[in-house]
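Here is a short tour of a structure, written to be read with the model open beside you.

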Amino acid sequence: MEERIQKLLAEVQAFNAQTKDALEVFRLKFISRKGAVTELFEELKKVSVEEKKRLGKVLNELKQSAEAKFSALQETIENSSTSSSDIDLTLPPVPNKVGNLHPLTLVKNRIIEIFERLGFNVADGPEIEDDWHNFSALNFPDNHPAREMQDTFFIEKNPDLLLRTHTSNVQIRLLEKQKPPVRAIMPGRVYRNEAISARAHCFFHQVEGLYVDKNVGFADLKQTLYHFAKEMYGKDVKIRFRPSFFPFTEPSAEIDITCLICKGKGCNVCKYSGWVEIAGSGMVHPNVLKNCGIDPEEYTGFAFGMGIERVTMLKYQVNDLRLYSENDIRFLKQFQTVI
Ligand code: PHE
């Protein structure tokens, strides 16, 4: 009998199970009510008193060892989330979810691509700006109502600082440090203190364009934006310039393209005019050049600024500005193709 117990003990110690089924076999064999341990305890009743003492000790050892092994194995199996028998290798894999660029990024990249081919560089500037770069250098006189065209977020602790209301601040930063010729576009985020609605937001994105050199004329501005509109929206799109006012350009013009939503027939996006505004533009005001240390007798330039949200809206017929910043995956995943 002792030999049998020792053999079982060795078997228990060497045993290993990776699945619940294998562990059940172990339980049945050793510790169930009909298992080897119970059976041996039955047999123990029949042996002499001295034998009982000695064999009882070994048998208890077997019992404890089997039980300890059982709970240890049970724990490891339960902790490993899948046992090999749970894996069905014939199932098709769950595809990895592939993200895509935000529609505003796609359109921004496309705008950059169009202007880079015309020789424009990409420039960048700060979103927290001082009054000089956002307003004064751009020929906004102090206390002039033109400042109210753009509702501004000021930084409370320092009223000279504000969140830029347009990307025109980068024009100034560029012209201050670089001698003409300057030919750059400046994409970036801008802020205005406006109530959020389908048509307005407190932050949005613009791309500013600036070309300053000798003999730059209004015809260059027209041709550049004409080219841009055709590249962005296709050759059938029409473009028109409407006289306008900006303190930093003279003359100034707003640029409209034919409404791509109704194809010029009239709808609520174009307010039944058949045209939608996509950019502001004009010839850089001589005062702006002077403020940056550039002689306006020698150099002239044009500038324009467009809203990326607006350009995107017309490209993809998005009818609510808020969709761009809500992070709704159902909206975002509609823009998987690179334009
Ligand atoms: N900064 C102007 C705006 O935000 C747009 C603009 C840029 C107009 C450059 C003319 C020239 O409305």
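Which atom of the ligand lies by the side chain of Gln206, and how many Å away? An oxygen atom of the ligand sits 3.0 Å from an N or O atom in the Gln206 side chain. Keep in mind as you look around that this is a predicted model.

**Around the ligand**

| Residue | Ligand atom | Distance |
|---|---|---|
| Ser168 | nitrogen | 3.0 Å |
| Arg192 | oxygen | 2.9 Å |
| Gln206 | oxygen | 3.0 Å |

How much of the ligand does the protein bury? Taken alone, the ligand exposes 330 Å², and the protein buries 92% of that.

**An aromatic cluster**

Next, have a look at the rings. The structure holds 15 aromatic pairs. One of them joins Phe120 and Tyr211 in an edge-to-face arrangement, with 6.5 Å from centre to centre and 65° between the planes. This pair links distant parts of the chain, as its two members are 91 residues apart. Phe120 belongs to the loop between α5 (103–116) and β1 (121–122), while Tyr211 is in strand β5 (residues 203–213).

Are these two residues buried or exposed? Buried means under 20% relative accessible area. Phe120 has 4% relative accessibility, so it counts as buried. Tyr211 has a relative accessible area of 17%, so it is buried too. Both also belong to one aromatic cluster, formed by Phe115, Phe120, Tyr211, Phe228, Phe302 and Phe304.

**A buried serine in a loop**

Now move to Ser32, which lies in the loop between α2 (20–31) and α3 (36–44). With a relative accessible area of 8%, Ser32 is buried because its value falls under the 20% cut-off. Which residues does Ser32 contact, leaving aside its neighbours within four places in sequence? They are Arg27 and Thr38.

**The chain as a whole**

Finally, zoom out. The domain assignment of the chain gives domain 1, covering 2–86, and domain 2, covering 103–332. How far apart do the C-alpha centres of domain 1 and domain 2 lie? The distance between these centres is 80 Å.

Notes:
Residues numbered from 1 in each chain as written. Predicted model: local features only at pLDDT ≥ 70, side-chain atom pairs only at ≥ 80, totals over all residues. Heavy atoms only, no water. Helix = DSSP H or I, 4+ residues; strand = E, 2+ residues; numbered from the N terminus. Buried < 20%, exposed > 50% of the residue type's maximum accessible area, 1.4 Å probe, protein only. Contact = heavy atoms within 4.5 Å. Domains from an automatic or database assignment. Polar contact = N/O pair within 3.5 Å; in protein donor to acceptor, adjacent residues only side chain to side chain. Areas by Shrake-Rupley, 256 points an atom, 1.4 Å probe, with all protein chains shown as cover. Phe/Tyr/Trp six-rings, centres within 6.5 Å; stacked < 30°, edge-to-face > 60°.
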